[in-house]
Each structure stands twice: as C-alpha cells, then as structure tokens.
Amino acid sequence: MSLTLDERVAALDAALDAGDGRLPAPLVTQTRDLLARVRERAGLSAEHTVVALAGATGSGKSSLFNALVGADLAGTGVQRPTTSHPLAVVVGDDPDGDGPARLLDWLEVGRRHALPAGQPGAPDGRPRAGADARGARLTDGLVLLDLPDHDSVVVEHRVRAERLVSRADLLVWVVDPQKYADAALHERYLRPLAGHDDVVVLVLNQADRLSAGDVDSVLADLRRLAAADGLERARVLAASARTGAGVDDLRALVAQAVERREATNQRFGADLRTAARGVADACGPEPRGRRRDVATDRLLDALEDAAGVPTVVTAVRRSAIRRAGAHTGWPPVRWLARLRPDPLRRLHLAPRPAAEADLTRTSLPPAGAAQRATAATAVRDHADAVLAGAPDTWVLAARARLDTAALPDALDHAVARTPLLPERPVWWWRVAGAVQWLLLTAAVVGALWLGGIALLAYLQLPEPVTPVWGPAPAPTVLLVGGVLAGLLVAALGALAGRWGARARARAARRRLRASVTEVAQRLVLTPLAAETDALAVCRRQAARAAGR
C-alpha cells in the first residue's frame, strides 16, 4: 500500500535521526530542508495547485504563459533576459486573499494577478479574440507562475528560478527547437528530477518554425533525452505561443492536474522518494560479513586471554586439589600441604565476601604486549565483522564508541568479582576427614595398646590376655589397619579431589567466561549494537520512505 505524504515524511525523518552524525552533512542538510519545505507546503492552501513555467532565455516561455492565460501579463520582447522576477496568476481567487496570499508569500512571488475561472481572458474577465481563446478553460484553484530564465546571466534570476522549481507542484519546462538538447538543461535541471515523471511536462515551443515531420522528429528526440534523464513517463507535447497550436492541449493538461488536486502530493512524494533513495544509498548495502556469533566467540577468547583466565583456571584447579588434600589427607602429614601457598591467595582471588571482592584487584600479571595486541585486534575484527559493508562513517563512529582503554581494568575487576571456589568445604571432604580422624584414633589406640603390652613385658609383669582379630592381635590390627586404611582413604581422596578439581576448574571457567562476556557486552557489544541498530533503522526507514 502506498504511503501517505505524512507517513513518508515521518519515515524519512526517522531515517535522518537514526543516521545523525553518520550520514553525509550535505545530504542531511538538503533532506532536512526538503522535509521543512514539505511541512510548510502542507500547512498552506490545499485548494491551489502551483504550476510553474520554466525555460531558458529565448524559449518563448513568457509568450506561452500569456497564451495560456489569454492576457498579455508577462513581458515579452527582444531584450534578454525578459523575466527577472516571477509572475503569478491566481485563477478564481483574489491573490491577496488569506489562502493564496500565504501560498504566494511562501513562494516569494510579489507580482500577482487574478483571473476569473472559466474561459481565458483579460484580467477584467472579457474573453480575448484570436488563437489564445479557443474554448479550453482555466480551472479554479490554479496558481500559474512565469519563472525567471534558468540560464539567465544574472545569478539572482537563476536563484529565484531554482527556488521556485523546488517548490512548484507541476513543472512545465518550455524548450525551443534550437536548445532542447542543451546539456546544461538536462544535467542541471531535468536529470535531478528523475522519478518526477508525473509532475513534469516538456513543451516544445515555437513548433511553428518546423515542418510537421521535423516536429515529430524533435519530439521523438526530446522523449529519448527525457527517458535518459529518468523521466520516461513525462508528458511531451509541441506548442506555438504565436499560432496557438498545442496551447489548448497544455491548458487542458494543466486543468486536469488542478482538478485532480494530486500534483502537490505527487511532486513532494517524488522529492521524498528521491531523497530517501539518497539516504538509503548512503547507508550502504545490507551487512554481508561473516557470522557474528563466530566473531563474538573470537572476541571473548581474546579477552579471556588478556584477562589471564587460563592462569586463573589453573590456579583454581591447583587450589581445589590443595583444599581437598587438606581435608581428606592423612592427618599426621596433612600440615605439609598447608606449607605450600594457596595459588588463589597468591593471586588475591581466595574466596571472600562479595562486598570485598568488588573493591579488590587481582595480582595477575598485566597482559603482555602480545595479549594486548591480540585483544585490540579481536575488538577491531569484531567491529569490522559486525559492520561489514557499512559506510566508513558508521565504522569510524562505532570504533570511536569502543572504550578499549578501559578493558584491562574492567577485566581485572570482573575476574576479582567472580566466585571461583565454594567458601565451605565439600560435604564428602568432611566425611572423609571424619573417617581419617577415626582411623587415626584407631591407629593411636593400637599403638598405645602395643606400647602398654611392651611395657608390661619389660617390667616382667603378667601379660593380659590380648584378643586376636583374624590373623593378628587386636592392637596390631588397630595400628596397622588404621595406618593403611588412612593412607588408602588419603589416596582415594586425592584421586577424587583431582577429579573434583577439574570439575571446579571447568565451572570456574564458565563463570569467568560469563564475567568477561559482561565486560565485552558493556564496552564492546552494546556500543556496536547501538550503531548497527541505528544503521538498520536508518536503512529500513529510508527504504520505506523510498517505496512507492
């Protein structure tokens, strides 16, 4: 479904807002001026259609203007340029009335005339005789402008003409047989109107100077040139202001445009579509880079390396083994394990309350030059992957938003805040520890029992009856069994501790990955997403405004 003019304006405005500071400044200025112009025109009289006659010096534009209105209002003659200020004829209304006056003030047209609706005639309403009054009627609501010559040697005249060309609803370009193919006309005026076929009419004036066959040839060539300018559907006709030939056809065409009251929307709709296509082109094509998740994984891997995550994971594994041994090892030698420093404490990463962790820095060695370079390259590569195909201005703006200088400190704090090992011992550590103390107690009891027996024998006192458990006396079973069982439990505890340490190291790595991801999200991914989202909105809204 075709958009309304208001919807097209809103879409283009949204595209410019999304591309603020990213789109080329001249394009933004021109498009903002156009939006202001469209809004201003929408606030003026909707009952009037502005039809502008534009042409080069000597094309007979003013003569054709007089022929259309049936009155000698526009000055003609041999002096060039003839038209220095625009002239307006308002059909059916007082040009100084509220509606027409505001519209003409906006157009900056001071020379104004009123003409009654109906058959062309002099300003007093009397029909004119001759070829200029053959029965075609001028429609109420027409504002007909005679513009200054667009090729005038006076710069001020050209500026006035160009301003009115940009504000008229229907443009009638008057050309003559000598200069209809003039490069300046096509390159400077007609080519920029590509896509405005519905509101552009090309009139070959002074057709009476050519034979009928030559008129057809010139019209065919003019249509070819118009198609090359992007005006393939623009209406092309021949006329003669002197003989009146073709004037009725032009007058009827103008009347039809006024009666339909579509020219304003068609003109500014075409302007907005053209501007929107320019904005869409400035946004570049859709991203065509490699998969973003792959680029994100590479970024996180590089940031993990820069944050010292591999070192921390190794420390977690060793610390978990040490802690397991401290709880499940053979008690008499358990203190030896405590003599070795805790790897996490050496890095200032021992378990601590969360409030403390927020204020703590680690003792990890700072990232080396190679790691920093790898991280910086990963950030740049990720930005390039996300913005692949985007214009340079968007890429540069995205890079400017990335606070890579804050990454080292942010990563260090993220590692310090990450819980790596549980503060309390694992339940089976406590069970194994209790078993070890029970076995140690049994061994001590057995040793004391055997010591007591030996002391009695030394004192040559009667030996008590010693129970036998299996193949050996009970105290021997208690001593040897307690020691061997304790060593076995310690060995099993060490194996289980190493297995558990690997599991805890993997869990710690996942938590560290999440912490690094949070930093990457805050300092890299979110700023880039803001740029890519803005680019997508700019491209989408521009495409919407450019649609028919």
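**Reading burial, helices and backbone angles**

Me: At 10% relative accessibility, does Arg539 count as buried or exposed?

Reply: Arg539 counts as buried, because its relative accessibility is 10%. Buried means under 20% relative accessible area, exposed over 50%, and partly exposed in between (1.4 Å probe, protein chains only). The model is predicted, so local features need pLDDT of at least 70 and side-chain atom pairs count only at pLDDT 80 or more, while totals for chains, interfaces and linings use all residues. Residues are numbered from 1 along each chain as its sequence is written, and side-chain values use heavy atoms, leaving out hydrogens and water.

Me: In which helix does Arg539 lie?

Reply: Helices (H or I, at least four residues) and strands (E, at least two) are DSSP runs, numbered from the N terminus. Arg539 lies in helix H19, residues 474-546.

Me: How many residues apart in sequence are Arg539 and Gly19, and what is the C-alpha to C-alpha separation?

Reply: In sequence, 520 residues separate Arg539 from Gly19. In space, the two are 8.9 Å apart, C-alpha to C-alpha.

Me: Is Tyr458 buried or exposed?

Reply: Tyr458 counts as exposed because its relative accessible area is 67%. This residue is found in helix H18, residues 427-458.

Me: Which residues of helix H5 are buried?

Reply: In helix H5 (residues 155-165), the buried residues are His157, Arg160, Ala161, Arg163, Leu164 and Val165.

Me: What is phi at Arg261, and where does Arg261 lie?

Reply: Arg261 is not a glycine, yet it has a positive phi of about 55°. Arg261 lies in the loop between helix H8 (247-260) and H9. With 37% relative accessibility, Arg261 is therefore counted as partly exposed.
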